[in-house]
Amino acid sequence: MCCILRVDWSKYPLTQQIWEEFGRMSLRERRVFLKEHSLQYTQGHVPQCEDCLHVFFNCQCNNQEFQERKKLWLKELSKSFEEKLRHSEDIVREKTQLIKDNNLKIVLAYSGGIDSECCLQLFKEPISQGVIKVIVGNTTSELPDTYKRWREAEQELGVKFMYGLPERGTTFESNANIFGLPVYSRNACVVMAGEKKHIKREESSSQSRRSTIMCCFNLKDKPQKLLLKGYDGDILGLKATESRGRSISLKKTGDCFFSNDMKWHIRPIAWWTIDDEWEFQKEKGFKYNGIYDKTNCGTKGKYKLSTGGYYKIRSGCAYCPQGIHNGYLEWLKEYYPTYFNKLVNIYNNVSAKHNDGIDFNKVLEIKKVKNPSLFSSSVFS
Ligand code: SF4
Ligand SMILES: [Zn+2]
């Protein structure tokens with residue numbers, strides 16, 4: 001373990017001694033341990049180094065190469081919005097030329113969320129000219145404002161998007177009925193030596209994780225894979241500020257790269273923050289998904305919870321249980337009551353059928369719990 005590791009152990013639910021034992025376990029033992037304690041890497045439950053943000057047993061503070069990359073990332077992040085925008089516009093210009101010169105087939109993945117909206121707006125000219133195609137993963141369980149924005153954006157750009165749809169009859173509900181509720185993160189990944197190493201599916205074939213893998217596979221991955229066939233690369237609105245995993249991978253690859261599988265990957269807003277995105281929207285005045293205006297605190301994209309905390313409004317699958325402990329339910333109930341009621345029905349039916357041990361009344365108690373993080377351990381145990 002690195003000698004300059006800096007961890008605030010008191011922030012985490014177990015003692016330092018237990019975590020140190022955890023650090024000495026094999027991958028498999030760690031996974032079993034986390035499951036037993038209803039903890040997840042992706043939820044920030046495992047202590048991490050305050051400096052490099054890797055999980056504590058994999059601190060990278062002594063790794064020279066990592067430190068170089070970190071310097072670059074901090075430099076990019078500290079730039080003003082104007083500088084970041086100039087850099088992004090340079091990417092748009094250069095990559096559009098590259099695409100035209102080499103006759104590349106490149107797609108921009110659009111979801112109607114603010115990240116991909118910014119990408120769409122940056123590349124709107126080459127999209128309108130037909131140089132870049134837009135693909136949309138339609139899981140059939142999006143919120144009505146998202147569908148509205150898709151149609152609106154098509155009209156604004158004067159092009160038809162390509163939609164990846166699940167097979168006929170396959171929905172969130174049908175998946176949940178067959179495989180169970182997709183409660184656990186499908187990635188179950190650990191960060192090793194600066195790289196994500198996914199635990200093999202065979203090793204993580206518990207029923208709970210399988211339900212998420214199957215749900216994402218049927219509603220998103222399979223339809224999009226078919227759409228992407230024959231394309232030379234993609235444009236995605238990934239941001240390093242979004243999560244620790246994104247930050248690590250973007251620091252490693254940079255914002256544009258040519259991968260081993262011979263594809264171009266363009267990440268034009270890699271170094272932006274959420275504030276940069278809204279500043280961009282204000283400056284350009286483009287329309288966006290109405291979900292971000294469903295707010296009670298006067299700030300786009302944020303909703304004040306009864307617990308006093310804030311829910312960061314997101315687009316995506318309306319019934320997905322993975323984000324509900326962050327206050328999503330309270331927001332959904334206020335602005336999309338029909339969707340909320342449908343979600344309750346689906347969860348109750350599926351939970352009863354699969355005996356998942358999820359009592360939906362407990363889920364609703366989140367609104368009365370002072371600390372929403374208590375939710376995940378009390379409900380999904
Ligand atoms: S994000 Fe959630 S609801 Fe959407 S496909 Fe994946 S598991 Fe299913
Ligand atoms: Zn560190």
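Predicted model: local features only at pLDDT ≥ 70, side-chain atom pairs only at ≥ 80, totals over all residues.
## A partly exposed threonine

Let's start with one spot in the chain: Thr 140 has 15 other C-beta atoms within 10 Å, so it counts as partly exposed. You'll find Thr 140 in the loop between strand 2 (132-137) and helix 7 (144-157).

## Another positive phi

Asn 103 is not a glycine either, yet its phi is positive, at about 55°. This residue sits in the loop between helix 4 (81-101) and strand 1 (106-110). Is Asn 103 buried or exposed? Asn 103 counts as exposed, because it has 8 C-beta neighbours inside 10 Å.

## The protein as a whole

Stepping back, the protein has 15 helices and ten strands. It runs to 381 residues, and 34% of them count as buried. Take the contacts with a separation of 6 or more: 71% of those are between residues 24 or more positions apart.

## An enclosed helix

Now for helix 5 (residues 114-122). Eight of its nine residues are buried, so helix 5 is largely enclosed by the rest of the structure. The buried residues in helix 5 are Ile 114, Asp 115, Ser 116, Glu 117, Cys 118, Cys 119, Leu 120 and Leu 122.

Helix 12 (residues 328-335) packs against helix 13 (residues 337-354) at an angle of about 130°, and their axes are 5 Å apart. That angle is why helix 12 is described as oblique to helix 13.

Who meets whom here? On the helix 12 side there are Leu 329, Leu 332 and Lys 333, and they meet Pro 337, Tyr 339, Phe 340 and Leu 343 in helix 13. Sorted by class, the contact between helix 12 and helix 13 has six nonpolar residues, no polar ones and one charged.

## Around ligand 1

Which residues are around ligand 1? Here they are: Thr 139, Phe 172, Pro 182, Thr 212, Cys 215, Cys 216, Leu 219, Lys 220, Cys 317, Cys 320 and Gln 322. By class, the shell around ligand 1 has seven nonpolar residues, three polar and one charged.

Helix 9 (residues 207-228) gives the largest share of this shell, with five residues. Looking at domains, domain 2 (63-288) and domain 3 (294-379) each provide at least three residues to the shell around ligand 1.

Conventions: Residues numbered from 1 in each chain as written. Chains lettered and ligands numbered in written order. Near = placed C-beta within 6 Å. Helix = DSSP H or I, 4+ residues; strand = E, 2+ residues; numbered from the N terminus. Nonpolar A, V, L, I, M, F, W, Y, C, P; charged D, E, K, R; others polar. Domains from an automatic or database assignment. Axes fitted to C-alpha atoms, helices over the stretch in contact; angles between N-to-C directions. Parallel < 35°, antiparallel > 145°, perpendicular 65-115°, else oblique. Contact = placed C-beta atoms within 7 Å. Buried ≥ 20, exposed ≤ 12 C-beta atoms within 10 Å, placed from the backbone.
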